[in-house]
Structures are given as structure tokens and as C-alpha cells.
Amino acid sequence: MENSMTSKSQSKAREHMKELERLQEKDPEFYQFLKEHDKELLAFNDEGIDEDDEIDMEDDDIDMENAEIPEDDEADASDLEKVANKAENEDKSSKNVITTEMVDSWCNSIRENAKLGAIRSLMRAFRTACHYGDDEQDESSTKFNIMSSGVFNKIMLFVLSEMDGILRSLLKLPTSGGKKETINNLMGTKQWKDHNHLVKSYLGNALHILNQMTDMEMISFTLRRLRYSSIFLTAFPSLLRRYIKVTLHFWGTGGGALPVVSFLFIRDLCIRLGSDCLDECFKGIYRAYVLNCQFVNAVKLQHIQFLGNCVIELLGVDLPIAYQHAFVFIRQLGMILREALNMRTKEAFRKVYEWKFINCLELWTGAVCAYGSEADFRPLAYPLTQIISGVARLVPTARYFPLRLRCARMLNRIASSTGTFIPVSLLLLDMLEMKELNKPPTGGAGKAVNLQSVLKVSKPTLKTRAFQEACVFSVVEELAEHLAQWSYSVAFLELSFIPAVRLRSFCKATKIERFRREMRQLIHNIQANSEFTNERRMCISFLPNDPAATTFLEAEKKSGASPLSQYVATLHQRAQQRNESLMGSSVLVGSRSSIFGNKMSEHDEDDTVNEDGAAVFNSSWFPGSDSKAKLSKEGKKKKKKKMQEKQEEAITDDVVEDLILSSDEDGSLNDTSSAGEEDEEAKSVPSKQQRKKQSTIDMPSSGNKDKAKPTLPMKKSKKRKPSTGVSKKDIHIHKKSKKRKKTN
């Protein structure tokens, strides 16, 4: 049997040698490639097989000898085997351990001579560093092993800083830049066939370590360096999709400078790769924006504005493709609004009156304002205006004044950017005619209300002085902004006539003197602006439909000389001071970095990489380390608790509860469903008299002590005995009968 096994192995070895000879005759180029890169495969002979067989035979003899050991010595033999196996593993690991001297030698040989062998060794070490601590990693398959954090940091820093230039020199590409056409042309060359595995290894392992990192600065540095090599993702579509997904996650949830760095990476992909990733990037960034704008408070508001500015900037890369996606997304918002108008249920209203829907309207308003002058984006202004107007009128109650003011602000922005007239004054003047703003406040002064961070206020807040002032001042600001846009129009007198009449009626109806002062000042400026335009209108000779009407008061418009423009400037200063007093905290991301130019800033292109990298990769962090995992888990738990608390606060403020289609105190209802809901609420909530009766008459039973507790009366009273159902007359008759029995 043993001789037959050895003969079979020898015959297989000879067949393999013959196959190698045939390969040399058929494909000499491939044979030469194997000779250069894998000499061990060509140096194969049948002598090695014989030696291996002899070793196997010796091992079998040793196993037979161990089998004959008596039972008393079996434990000692097993201990000896374990010790021997540990020693062998330690010898193997010590042979494969990467030291700083090895890394320095590879780096020096790459810098001086650009040796291909050193590059391959360094890439193997980079792969080992990126996959360090993985559960699925097979120790027998790894050629190297890393034991110190210093070696890990040195490998990561050198590869991330220098590998882009090394790969470009191997592939004979320019030192920076490039588009997908250059990579498509390169994929058919010999250089790409020889070195594409190095490019894929670099990008794939870097993506793996990105998913393992938890430090924001480390992730930012890694993404900043990978941005220079993003052009190579053209050749690897699967890696491209994964990079887009990971980067969008960092953009939406990261802190510090990470959202900015992530957005710059995505924007570079869209610019350089073009149609290969535009659709996926547009869909992905809109989805990430929607996920991160579901709940809003004063702190998160600026971050959401930053995310929206990033989306708008990315849409400007290719406006024709962006228009197709924007049309689909705006149409989805219109379908949600149509369902709410048709169904008129609480669930349908809730889909419209939530932060996710309103922030999407804000996003597309910003996009239309940014690209409204372009022919590709201008047609979106009309459907978006119709949707915003429908949202403002969906539930016309005083509790949704903040939402209506937000809609009026969006309509003013669209009208200003596109130069079209939108009847915003009707939305604002309807608010002034509601009872809640005409009556004196009965709820006291109240806390200051930030109308920008809420969509709905509670019923007690409606009756406070602070809420009434915030609403009236906001209405005045938005109405003045709307009229100031047309303060240089020939038809300003006709446009401002109806608003001026309704403002005078509000002055007569309201009983609050400070509101009268505010309205008189606005009316005075409207009249002054009418005189300003009428004086110049008397001197013109063209008709209203003449194109020359567009140049009317053009010089005054540039200088802002109209009375309403000057009045609006003072209102903006007052609103800014009020918002600064309300906003106690600010977010760094979004305050300065929310506006991007067409060109990259010089700071982005500065080559201060080594200093930044040395500062980032100087810790004892390892991918997959237990201590870091525990810390990250604890951090995630804390973040989840904070997010849950914020979500609960936002839900209590934002969820649509009472959907009454008129003023909250009116009795007229336009919808039967809302009337039914109000009746149910009236039944479930008892009146004050009923509560008093229940507290004084009905006593809690022994089984429901916690559920029903009687209210204590204001004055002290004696403790009452539980009623037995016997009247006072019966008790008096019973006492008399007892006395008679005693006398008898």
C-alpha cells in the first residue's frame, strides 16, 4: 500500500512537470510572467514528493508508538503534545511578525528604487493591518502578523499617504486628477493587467478598515486620502457602490469635519465618474437626508440646514439628471398631500404635518431658489408652489401657525428667486383674523416660543402673550417681505390695496395696543411706498404689457431706495436678534461649511497630510480590539438613549393630535370625521363639575386604590364613613325602638 501511494504521487508530479513544459511551448509570455513573479511554482520537482512521503511515514511511526503508551502515561503525553504545538505556533508567529525595521526597509526601497517586491510586501502587510482581529481571518493563510500598535500606525500612515502616487507611477498616470475615460483607456493596457490587483487590494482593504474605525478624525483622514484615488473606482463597480453607501452614512451621522470630508468625496465621485454614479448618489443622498431630518430641535436645526445645502450643491453637478430625480421626489410629496386631502384621516394628516415632509419641502425650495434661473430647474417652481400652498391650508387652525409661517417663508423665497408673483398675503392675513390673535392673552406671559423649531403648539401656549407676539411679529415680517419684492413694480398700488384694507380692519378689531402700533407702522410704510411708485409712474409713457415695464425703477431697486425695502432691513435685524436670544446653542457643522463654491478651496488641496496623519495615527487602537468595542458599545447605548429622549420630545410637539378644520374655539366643523373625534374626546374628558361630584361622592374600591384617588377639599372636614345605603330617618326610628325595648 505504501509503495503504491508513493508511486501515484510520483506519477502526478511527473504529469505536472510535463504540463509546465507544454505551457512554455504554448504561451511563452505567461510562462515568463510566472518565472518572474512565482519561481517556486516552476521550481517544482518530484524529489520533494518523495521527501514528503518519507516524513509522513515517520509521523505514522511516531503515532503508532504513541498508541502503545500505557493508560497511566496518556495524560503526560497529551500535555507534551500541547506544549509542542504551542511552541510550533510561537515559532511560526515569530517568523511572520512584522517589525518596524521591516516596514522602514520596505518604505525606503519604495521611495528610492520603487521596487515592485517591496510594494507587494507592503500591501500584504496593509491587508493584515486592515483585517487584524477579524473572526473569519485564517491564521494559516496570512503571511504576516502585526503585534504592536506602532507598526500598525506606520503601515497605515505610509500606505494612505503614498500609495496613490505609487499606483499612478506604476500605471503611468498623471500625479493627480483624471476622469473615467482615462481609466477606461487604461484597462486595456499591459500596465493595468500587471498591477490592477494592487489597486483593488488598496481600495478594498481601505474600505474594510473604514467600517472598523470609530474615531472621527481617523475616518476623516482616511477618506481625505482615498479621495485622491477615487478615480480608480471606475474599474470596480461593486466597490464603488459600497464606497457610496459607507460615505453617505458618514455624511449623515458623522461629527466634526467628517460630514464635510464625506461630502467632498461624494462630489468628486460625481464629477469624475459622471453617469456611472450620479443616479445612485442622488438617490442615496436624498434618502440619507430624509433619514436624518425626521426630528428637529433647536440644536439639530443647523445640521439639517447643512445637509440640505450639501444636497443642493450635489444636484448642481448635472442639472438635467437632477431634474429627473427632483421631479419624481416632488411628485411623491404631491401624492402624499393628495391622499390627505381625499382621505381626511388622522394618519393621512400626520404624514403631511411631520418634520420629514416639511424638511423635504424646504430642501426642494432651496434647490429651486438656487437653480431657478436655469431652464432645467425652472419648471419645478409651479408644482412645488402648489404643494406648499396646499400644505399651509390643510388644517387652518391657530395651533399650526408655525407651520403656516414656514410655508409662507418658502413661498416668498420661490417668488424672489424666480421673479414670479405668488399670493402669499392671503395666507398671512387669514392668520390675523383668527380669534386667538385678536383677544387679550389669558395664559400669562409664557415662555419664549421659537417658531422655527416647532410645527405645532399646545393649547395653553396659544393663550400666552409670548406666542401672540411671536406670531404677529412674524406675520408682519413675512408680509413686509412679500410686498417689498414688488415695491418697485408699476402695479404696486393695486397689489397693496387689499392688504392695506385688511390691515386697517385688524387695527380696529384688535384690543392689544402693541399690535396696533406694529400694524400702523407697516401701513404707513405701504402708503409711503405707494407714493414713491406713483410719483415715478406719472412720468412713464409705456403700457403695462410693454416689456419696458420690467426696467421700471431698476436703478432704485439696485440701491434699495424704496421705503418698504428699508423697513424690511430693520425687521431683519430685529428678527436676527430675537433668534440669537432663542438659540442658546449652535452647531459647528453647517454654520460656516454649509456653502460650497464651484472650485475647491486651497485648504482642501494643501499637502499637510503627513502632519495630520501623524497626529491621527498615534494611538494604540487596533481594528477588532475588545476594549474599543466595549467603549463603542457604551457610546452607542448613550447615543441611543439621547436619541430616544429627543425623539420623544419631538413627537410630543410635532404629532398631529386634534385635527379641527376651523379655529380651535369655533363650533362649526367641516368634516364629520373630525367632529366624531372631538365628541369622543369630550366624552372621555369629564367637566369640572363632574370631577368635583366624583371626588366627593364616589369612593375608590379596595381593588382600585391606585387608579382612582379622591381629590381633597380645600377646607378641613371630618372623615366620612362609607355609605351603607341607610337614610337618617331609618337610623332615628331604629334608636327609638331600642329605647322602648329597654323601658319594657
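# Salt bridges and buried helices in a predicted model

In this predicted model, Glu-478 and Arg-409 are joined by a salt bridge, with their closest N and O atoms 3.2 Å apart.

Visitor: Which helices hold Glu-478 and Arg-409, and how many residues apart are they?
Guide: Glu-478 belongs to helix α23, which covers residues 465–485, while Arg-409 belongs to helix α20. The pair therefore links distant parts of the chain, and the separation between Glu-478 and Arg-409 is 69 residues.

Visitor: Is Glu-478 buried or exposed?
Guide: The cut-off for a buried residue is a relative accessible area under 20%. Glu-478 has a relative accessibility of 9%, so Glu-478 counts as buried. Its partner in the salt bridge, Arg-409, has a relative accessible area of 27% and is partly exposed. For Glu-478 itself, then, the term is buried.

Visitor: What span should helix α20 have at 1.5 Å a residue?
Guide: Helix α20 runs over residues 401–418, which makes 18 residues.

Visitor: How many of the 18 residues of α20 are buried?
Guide: Helix α20 is largely enclosed by the rest of the structure, and the reason lies in its count of buried residues. Just after this helix, Gly-419 takes a positive phi of about 70°. Of the 18 residues of α20, the number buried is 14.

Visitor: Which residues are linked with Arg-406 in a network of salt bridges?
Guide: By the rule used here, the count of salt bridges comes to 20. Arg-406 takes part in a network of them, and its other members are Glu-362 and Arg-413.

Visitor: Where does Glu-433 lie, and which residue does its side chain meet in a salt bridge?
Guide: Glu-433 lies in the loop between α21 (425–432) and α22 (459–462), whereas its partner is in helix α24, so the pair ties together parts that are 69 residues apart in sequence.

Visitor: Which helices does the salt bridge of Glu-494 and Arg-537 tie together?
Guide: The side chains of Glu-494 and Arg-537 meet at 3.3 Å, N to O. Glu-494 is partly exposed at 48% relative accessibility, and Arg-537 is likewise partly exposed, with a relative accessible area of 24%. The two residues are 43 apart in sequence, and the helices that they tie together are α24 and α25.

Visitor: Which residues does Ser-530 contact, leaving aside its neighbours within four places in sequence?
Guide: Ser-530 is found in helix α25, residues 513–537, and it counts as buried, with 8% relative accessibility. Once those sequence neighbours are left aside, the residues in contact with Ser-530 are Phe-492, Leu-493 and Ser-496.

Visitor: What accessible area does the nonpolar patch of Phe-497, Ile-498 and Val-501 have?
Guide: Phe-497 is found in helix α24, which covers residues 492–509. At 54% relative accessibility, Phe-497 counts as exposed, because the cut-off for that term is over 50%. Together with Ile-498 and Val-501, Phe-497 forms a nonpolar patch on the surface, and its accessible area is about 300 Å².

Visitor: Which helices do the buried residues of α19 pack against?
Guide: Nine of the twelve residues of α19 are buried, so this helix is largely enclosed by the rest of the structure. Among the buried residues are Leu-384, Ile-387, Ile-388 and Val-391. The helices that the buried residues of α19 pack against are α16, α17, α18, α20 and α21.

Visitor: How many disulfides does a search of the whole structure find?
Guide: A disulfide requires two cysteine sulfur atoms within 2.5 Å. Cys-270 is in no disulfide, and its nearest cysteine sulfur, that of Cys-281, is 3.6 Å away. Cys-270 counts as buried, at 2% relative accessibility. For the whole structure, the number of disulfides found is zero.

Definitions and conventions:
Residues numbered from 1 in each chain as written. Predicted model: local features only at pLDDT ≥ 70, side-chain atom pairs only at ≥ 80, totals over all residues. Heavy atoms only, no water. Patch = residues over 30% accessible without salt bridge, like charges linked within 9 Å, V, L, I, M, F, W, Y side chains within 5 Å. Areas by Shrake-Rupley, 256 points an atom, 1.4 Å probe, with all protein chains shown as cover. Salt bridge = Lys/Arg side-chain N within 4 Å of Asp/Glu carboxyl O. Helix = DSSP H or I, 4+ residues; strand = E, 2+ residues; numbered from the N terminus. Buried < 20%, exposed > 50% of the residue type's maximum accessible area, 1.4 Å probe, protein only. Contact = heavy atoms within 4.5 Å. Expected span 1.5 Å × (residues − 1).
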